[in-house]
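Dear colleague,

Please find below the structure that I am handing over to you. My notes on it follow.

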Amino acid sequence: MLTPPDGLPEDLLIAVLARGWGLTAAALAYRPVGWGSHHWEVTDASGTRWFVTADELENKRHARSESLTEAFGRLRASLATAVELRGLGLEFVVAPVPARDGEPLVRASEQFSVALYAWVDGQSFDWGNFHGPAHRRAVLDMLVAIHAAPAAAARHALADDFAIPHRDELEAALAGADAAGAGPYAGPLGRLVAEHAGPVRAALDFYDEQRSRALAEPARPVVTHGEPHPGNTMLAGGRWLFIDWDTVLVAPPERDLWSLDPGDGSVLAAYAAATGVTPRPWLLELYRARWDLADVAVDVSRFRRPHAGTAEDDQAFELLRSVVEGLG
C-alpha cells in the first residue's frame, strides 16, 4: 500500500513488536510496496533489520456478514501453513517469524494483525511478467515441492470451497442496491456495474457451472500458494524465494498452475512429468475465471464501503474498470 494505515500508529506497532516478539524497535520506516497489506522496515536495538506486515482485517473479510475474528482466523491458518512448510525443509518459503507464543501473527487491535519477517536482501519483481524461462521454471519447481509436501504441512490450512470472496456485494451491486454516501467512487461503481451487468452475470454463470463440476469431481488436494505470480517471488543470493503466503489453501493443484504456462503447454507438461498429475484444462479455466471475478467482487466491496478517494482508491478503481471491461 502507498500510505500508512489509519488506526495503527507507530507507537502501537512498536508496542506490538515488543509484546509479541520481544523486539525493541530502534527505527521504523514505512515501505510503500505490495498491494493489500502495509509494510515497514524495522531496525531493532542490535541493528538487525526486520520486515513487518500489518493487515487491515476489514479487507480480509470474504463477506459483509463475516466477523473480523473469522477473517483473522483465515489469515492465521494461511501463515501457520507457511511456517509448517518452512519447518519441513522448504527453505524457499519466506514464512513469518513465530511470536513468543508460537503464533504466526499477533492481533494488534480489533482492526489489525501484525506479522514479523526476517529481512531479505534480494531482487523483487513486478506482478505481470516472468523475468525469463529460468524464472518461470523456478516457480514451477517450487510449486512441485509445495504440492508434494507431506500431510503435516496442511494441518492448519483451510480447504478451498470454490467460493468467490465478496460475491454478496457483487450480487447487490448487480441488483442495483444503492451505495450512495460510501465515497467518491460509489456513483461511478454503480454506473460501471450497470453498463457491464450482462458480461459479469455471464461470467458468474460460467463459473457456477465449473464450480459444480469441481465439487462433483474432486481432485487430489494439495497445499497451494494461491498467487504464484512473479511479484510474489524474490531472487536472493542466487536462490529463488516465495513470499506473501496469506492466500494458502488446500486445493487442486490447478489453483497454482492456471497462470503459469506461457501458452504452449510446456509448463503443464513439465508439471505432469514431475508429479504424475496431469492438470485438467477445465479446472484451469475455473481458476482463471475466479481470479477475474474475485478481483471484481473485492473491489466492488471496497467501493460500496466508506472510502475517501485516496491514491490507492484511484488505482484500484482503474484496475476494476479494466477487469470489468475485459469480461465483455
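How many aromatic pairs does the structure hold? The structure holds 10 aromatic pairs, where rings of Phe, Tyr and Trp (its six-membered ring) pair if their centres lie within 6.5 Å. One of them joins Trp258 and Trp291 and is tilted, at 5.5 Å centre to centre and 50° between the planes; planes under 30 degrees apart count as stacked, over 60 as edge-to-face and the rest as tilted. This pair links distant parts of the chain, 33 residues apart: Trp258 lies in the loop between α7 (254–257) and α8 (266–275), and Trp291 in helix α9 (residues 281–304). Trp258 and Trp291 are both buried (under 20% relative accessible area, with a 1.4 Å probe and protein chains only). Together with Trp127, Trp258 and Trp291 form one aromatic cluster.

Please note that this is a predicted model, in which local features need pLDDT of at least 70 and side-chain atom pairs count only at pLDDT 80 or more, while totals for chains, interfaces and linings use all residues. Residues are numbered from 1 along each chain as its sequence is written, and side-chain values use heavy atoms, with hydrogens and water left out.

As to the chain overall, 48% of its 328 residues count as buried. Its C-alpha atoms fill a box of roughly 60 × 55 × 35 Å along the principal axes. Among contacts (heavy atoms within 4.5 Å) between residues at least 6 apart in sequence, 72% join residues at least 24 apart.

Yours sincerely

Notes:
Buried < 20%, exposed > 50% of the residue type's maximum accessible area, 1.4 Å probe, protein only. Helix = DSSP H or I, 4+ residues; strand = E, 2+ residues; numbered from the N terminus.
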